[in-house]
Amino acid sequence: METGVTEMVMQIEQDERPVLAAEARALAERLDDPEFRAPYELMAAAVEAGEVPEEVASAVGALAALALETGRARSVHGPAGVRALISVWKRTPQGMDAASEVDELNTALTALRGLPLESLRVAVTGPGAFSLSIGTTDYEVRLVVDRGGIRLASLNVGGGGIGE
């Protein structure tokens, strides 16, 4: 009996396949335990076929992020490989979540549009983490930028200082 439920798949474009499959295979080769290696070998095969099952999309996102963040993508695959992996990553759950967070942040920042800036300050909050404080006559905004992305930390209306 058919339930009518179809499995969702993530489409991998033709020009993205060689780079992503190579990254999956390279990671698989570094893993000694066949149990840990097998999912990346299966991922490489699915990528080469052009369709990755939805339940594997997060692992694809993590793999693409790893290759991009470590610089491996650029050193092994060059600028075209970087573009391909960024394109893939944007379609993964991680990429779509990041885009949604940025959209929400941009919506929040529209309150500042057209207002003269009174202050702008960047501060180090930890290793690889920064805050950006933006002040106008009526608003004070503090953004946090770290490995988790960029997010609104506080929005004060009518003065009173940047909150936590």
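Two strands count as paired when DSSP finds at least two bridges between them, and helices (H or I, at least four residues) and strands (E, at least two) are DSSP runs numbered from the N terminus. With that in hand, look at Gly135, which stands opposite Glu140 in S5. Keep in mind that this is a predicted model, where local features need pLDDT of at least 70, side-chain atom pairs count only at pLDDT 80 or more, and totals for chains, interfaces and linings use all residues. Residues are numbered from 1 along each chain as its sequence is written, and side-chain values use heavy atoms, with hydrogens and water left out.

Let's stay with the sheet. Four strands make up an open sheet, ordered S3-S4-S5-S6, with antiparallel pairing. Strand S3 (117–126) and strand S6 (149–157) sit at the edges, each pairing on one side only. From one strand to the next, the twist averages 15°; angles here run from 0 to 180 degrees between N-to-C directions, and axes are lines fitted to C-alpha atoms, for helices over the stretch in contact.

Strand S4 (residues 129–136) and strand S5 (residues 139–146) are joined in the antiparallel sense by six bridges, and they form a hairpin with two residues between them. S5 and S6, also a hairpin with two residues between them, run antiparallel and are joined by eight bridges. Helix H5 (residues 93–109) lies across S5 and S6, at about 25° to S6.

Now for the helix pair. Two packed helices are described by the angle between their axes and the distance between the axes. Helix H1 (residues 17–30) and helix H2 (residues 34–49) pack at about 170°, with axes 8 Å apart. That makes H1 roughly antiparallel to H2 (under 35 degrees counts as roughly parallel, over 145 as roughly antiparallel, 65 to 115 as roughly perpendicular and the rest as oblique). The contact (heavy atoms within 4.5 Å) involves residues including Leu20, Ala24 and Leu27 of H1 and Tyr40, Met43 and Val47 of H2.

Finally, find Asp15 in the loop between strand S1 (9–11) and H1. Is Asp15 buried or exposed? Asp15 counts as exposed because its relative accessibility is 57% (buried is under 20% relative accessible area, exposed over 50%, partly exposed in between, with a 1.4 Å probe and protein chains only). The C-alpha atoms of Asp15 and Arg83 are 10.0 Å apart, although 68 residues separate the two along the chain.
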